[in-house]
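The sequence and structure come first.

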Amino acid sequence: LSAGYYPDVLMACRRINDGMGKQVVSEILKLMIGRSLPIKGGRVLMLGLSFKENCPDLRNTRVIDLIRELREFGLDVDVHDPWVSADDARNECGLELMKALPEPGGYHAVVLAVAHDQYKTLGVDAVRAFTAPGGVIYDIKGLYGKDDVDGRL
């Protein structure tokens, strides 16, 4: 208190922040189950890995938590990030980044995790094209219109 902060409040904020990954994954899974999409062996495209948009920095990124959680449910997760170097992703996160955006139609879910300008330019229709019929788009960053995606934070 003498330093001008309240440790209980800060700890509560930390717990909420740390639990957001599980909350997001829960929402994605519910959307997929609601559309009878496969979980075990299902395919997810994660758009973005860096800590923030238009930046290659991986320090403090929470996207890795989402990827790990999705994989724990048996989902195959591919990761694309035009800002992050493949070496950094491999060395710092143990991940292999996609070299290019994928062919259309291969994913049961696409998660927009980082609002890079490239994904804004790409547009929601192109992102939707990455999904298989009935596939889910979950927009963590609110980059696309609420009515254009299936779920958002």
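In S3, the bridge partner of Leu45 is Val110; in S2, Leu45 is bridged to Asp78. The model is predicted, with local features requiring pLDDT of at least 70, side-chain atom pairs counting only at pLDDT 80 or more, and totals for chains, interfaces and linings using all residues. Residues are numbered from 1 along each chain as its sequence is written, and side-chain values use heavy atoms, with hydrogens and water left out.

Strands (E, at least two residues) and helices (H or I, at least four) are DSSP runs numbered from the N terminus. Two strands pair if DSSP finds at least two bridges between them.

| Pair | Bridges | Direction |
|---|---|---|
| S1 (43–47) and S2 (76–80) | 5 bridges | parallel |
| S1 and S3 (107–112) | 4 bridges | parallel |
| S3 and S4 (131–139) | 5 bridges | parallel |

The open sheet has 5 strands in the order S2-S1-S3-S4-S5, with parallel pairing. S2 and S5 (151–152) are at the edges with a single partner strand each, so one side of each lacks a neighbour in the sheet.

Of the 5 residues in S1, 4 are buried (under 20% relative accessible area, 1.4 Å probe, protein chains only).

Arg43 lies over the face of Tyr107, 4.3 Å from the ring centre; the criterion is CZ of Arg or NZ of Lys within 6 Å of the ring centre and within 35 degrees of the ring normal.

Notes
Buried < 20%, exposed > 50% of the residue type's maximum accessible area, 1.4 Å probe, protein only.
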